[in-house]
Amino acid sequence: TSVIIVAAGQSTRMNGIDKQFACICSMPVIIKTIKAFCECEDVLEIIVSTKASSIDKLDKLCKVVVI
């Protein structure tokens, strides 16, 4: 099973705050989402779709956080 996480919004309703990088319990929403799918034994592939300007930040988060 493959999972596609769509995290490419423009943040217009959040006044410029990227929801995927907002923290819940000290963890960015996107990382909590990825971790949830990592815990599912049926998921073999996780694809994250994000806007070009967020790629570097997301890449760094994924490398820092143990998933």
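**Figure legends: a predicted 67-residue protein**

Of the 67 residues of the protein, 25% count as buried (buried: under 20% relative accessible area; exposed: over 50%; partly exposed: in between; 1.4 Å probe, protein chains only). The model is predicted, so local features need pLDDT of at least 70 and side-chain atom pairs count only at pLDDT 80 or more, whereas totals for chains, interfaces and linings use all residues. Residues are numbered from 1 along each chain as its sequence is written, and side-chain values use heavy atoms, with hydrogens and water left out.

**Figure 1. Secondary-structure elements of the protein.** The protein holds two helices and four strands, arranged from the N terminus as β-β-β-α-β-α. Helices (H or I, at least four residues) and strands (E, at least two) are DSSP runs, numbered from the N terminus.

**Figure 2. Contacts along the chain.** Among contacts with a separation of 6 or more, 67% are accounted for by residues 24 or more positions apart; contact means heavy atoms within 4.5 Å.

**Figure 3. Cys 38 and Cys 62.** The sulfur of Cys 38 has its closest cysteine sulfur in Cys 62, at 8.7 Å, which is too far for a bond. A disulfide is a pair of cysteine sulfur atoms within 2.5 Å, and by this rule the count is zero. Cys 38 is partly exposed, with a relative accessible area of 41%; Cys 62 is also partly exposed, at 30%.

**Figure 4. Charged side chains.** The mean positions of the 8 positive and 7 negative charges lie 12 Å apart. Lys and Arg count as positive and Asp and Glu as negative, without His and the chain ends; each charge is placed at NZ of Lys, CZ of Arg, CG of Asp or CD of Glu.
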